[in-house]
Amino acid sequence: MAEGDGAELDMTGDEIDEDMTGEESDEEEASGQEDIEGEEDAQSVSSNASSEEENSDDPDRIDPAISEEMERFAHTFKGFEKRYRLVNKIGEGTFSSVYKAEDLLYDHYDNSWDIDYKDEARWAAPPSKRRRTGRGNNDIELVRPKYVAIKKIYVTSSPSRIQNELELLHDLSGCDSVVPLITAFRYQDQVVAVLPYFKHVDFREYFRELTIPHIRSYFKSLFRALAHVHANGIIHRDIKPTNFLYDYRYGRGVLVDFGLAEREGTDSQYCMCQHSTTDRKDHRPPTITPSIGYPKHETRPSRRANRAGTRGFRAPEVLFKCTNQTTKIDIWSAGVILLTILSRRFPFFNSSDDVDAMIEIATIFGKQRMKQCAALHGCVFESTIPTIGERGFTLEKIVLWATNRTATGSSKDNRDDAKLDRDEALVIKFLQRCFELDPAKRSSAVEALQHEFLASPDWESPEPEH
Ligand SMILES: Nc1ncnc2c1ncn2[C@@H]1O[C@H](COP(=O)(O)OP(=O)(O)OP(=O)(O)O)[C@@H](O)[C@H]1O
Ligand SMILES: [Mg+2]
């Protein structure tokens with residue numbers, strides 16, 4: 001990067017960052033950048049919010065406060081307006097704001113990241129609009145605007161964390177189900193990642209309507225992404241519906257948000273779960289006689305482990321602070337998404353902290369299995385909560401309850417002997433493989449893709465409209 005104080009972010013293309021810091025390259029001058037800048041709709045932000053193409057794409061009006069925010073951002077990030085025109089704000093997470101933007105210099109760069117372009121021959125193109133291209137005398141032609149997503153990472157994020165996200169995205173390029181990093185820029189303390197824009201639908205709008213073939217298509221896409229990420233030795237750590245942008249109408253999904261991702265083995269230390277069952281017996285922690293309440297003077301050393309992730313999606317080994325977490329934590333989180341879809345309840349787990357989360361998991365899986373799970377990581381699980389039974393409940397029962405198909409459901413007509421149909425029963429078998437409490441026994445992404453449920457023929461998705 002051009003400026004000295006951000007050298008650790010320097011991995012996505014020097015020449016581009018220099019452009020953003022104000023110096024124009026020869027290439028830009030020769031390519032008619034001035035024309036593009038002077039063009040009416042290539043100015044900034046909100047004034048164009050009501051233009052035809054935006055109204056058809058984003059029917060919502062832009063909130064004046066958001067317009068102002070976008071305008072401020074585009075003006076203060078030096079060089080930004082030459083390259084991008086912010087269209088709308090599309091996401092606000094814990095660590096970033098994400099905007100949809102028109103890529104004004106699309107034609108000047110290699111766009112091998114553009115899946116839509118690659119598939120253009122197969123899919124019908126949307127209406128184009130007239131605009132100035134800056135390519136000589138006859139420079140008015142029909143051009144379809146190209147959109148990107150600009151992820152503006154909050155300045156409160158540490159440089160190493162930002163670098164980690166960009167590096168991992170960069171390393172993961174090459175899989176259609178994982179978001180590729182187009183480029184990244186820094187200006188002063190502000191870093192933006194530029195990603196392809198993926199049209200998608202809010203999970204809450206469709207998850208109750210998904211049929212079994214749709215569910216298969218969703219998870220095929222998600223597990224393909226996970227297989228790619230895991231094959232690269234990377235744990236995503238934050239698998240949840242808002243990080244998997246899925247367009248249910250066309251069966252296309254893309255995994256995003258590597259803000260919490262890490263390379264497997266980073267900071268790993270010995271954990272008892274690395275031993276086989278027989279070995280583990282010899283390494284058992286000193287017997288603790290369970291007693292009610294907390295010891296007044298805790299003598300055991302506190303345990304530190306990465307617990308990054310989202311409440312309700314954390315695997316049991318994360319809750320038990322396993323110090324040797326693996327890619328299997330992502331498989332558990334994918335299982336939580338599947339349980340959400342099958343139960344038609346979102347969020348399915350709604351704990352306020354990790355202890356609550358353990359109680360929720362223990363209620364389903366039972367005290368016995370939870371104790372075994374705790375012991376796997378050198379912990380002890382004890383509970384006197386009456387709703388946590390010794391054996392818990394089957395996943396089939398949970399889904400039947402959640403969808404009001406048993407006597408304890410709301411309808412009087414329901415019967416206790418209600419059963420899932422054959423397809424649903426197969427999905428439950430698949431879910432059991434994602435919900436193995438022992439990560440070593442839990443399915444890997446590759447194994448999941450070979451499971452009878454996902455290996456069945458694809459649902460014929462319609463061709464996407466752009
Ligand atoms: N490439 C993209 N195309 C379209 N929308 C996107 C894209 N990337 C992100 N978004 C939208 O922005 C939201 C936030 O993005 P992201 O998850 O990367 O940020 P975050 O700050 O880490 O969020 P969180 O803390 O909620 O996980 C996403 O849930 C999605 O709605
Ligand atoms: Mg996110």
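How many nonpolar, polar and charged residues make up the shell around ligand 1? The legends below begin with that shell. The model shown is predicted, local features are given only at pLDDT of at least 70, side-chain atom pairs count only at pLDDT 80 or more, and totals for chains, interfaces and linings use all residues. Residues are numbered from 1 along each chain as its sequence is written, and chains are lettered from A and ligands numbered from 1 in the order in which they are written.

**View 1. The surroundings of ligand 1.** Ligand 1 is surrounded by 21 residues, and the closest are G91, G93, T94, A149 and D257; a residue is near a molecule if its C-beta atom, placed from the backbone, lies within 6 Å of it. Two or more residues each come from strand 1 (84–92), strand 2 (96–103), strand 5 (147–153) and strand 7 (190–196). Helices (H or I, at least four residues) and strands (E, at least two) are DSSP runs, numbered from the N terminus. The shell comprises 11 nonpolar, 7 polar and 3 charged residues. In this classification Ala, Val, Leu, Ile, Met, Phe, Trp, Tyr, Cys and Pro are nonpolar, Asp, Glu, Lys and Arg are charged, and the others, Gly among them, are polar. Domain 1 (32–196) and domain 2 (203–455) each supply at least three residues to the shell, with domain bounds taken from an automatic or database domain assignment.

**View 2. The packing of helix 13 (residues 328–343) with helix 17 (residues 422–434).** The two axes lie 8 Å apart, at an angle of about 150°; axes are lines fitted to C-alpha atoms, for helices over the stretch in contact, and angles run from 0 to 180 degrees between N-to-C directions. Helix 13 and helix 17 are therefore roughly antiparallel, given that angles under 35 degrees count as roughly parallel, over 145 as roughly antiparallel, 65 to 115 as roughly perpendicular and the rest as oblique. From helix 13, I331, W332, A334, G335, L338, L339 and L342 meet V427, L431 and C434 of helix 17, contact requiring C-beta atoms, placed from the backbone, within 7 Å. These residues comprise 9 nonpolar, 1 polar and no charged.

**View 3. The packing of helix 16 (residues 395–402) with helix 17.** Here the axes come within 10 Å and cross at roughly 120°, which makes helix 16 oblique to helix 17. L395, E396 and V399 of helix 16 contact I428, L431 and Q432 of helix 17. The contact contains 4 nonpolar, 1 polar and 1 charged residues.

**View 4. The packing of helix 10 (residues 212–231) with helix 13.** The axes are 12 Å apart and the angle is about 165°, so helix 10 is roughly antiparallel to helix 13. Helix 10 contributes I215, F219, L222 and L226, whereas helix 13 contributes D330, A334, L338 and I341. This contact has 7 nonpolar, no polar and 1 charged residues.

View 5. F346 and P347 are joined by a cis peptide bond with omega of about -5°. Q188, although not a glycine, has a positive phi of about 50°.

Definitions and conventions. Two residues are in contact if their C-beta atoms, placed from the backbone, lie within 7 Å.
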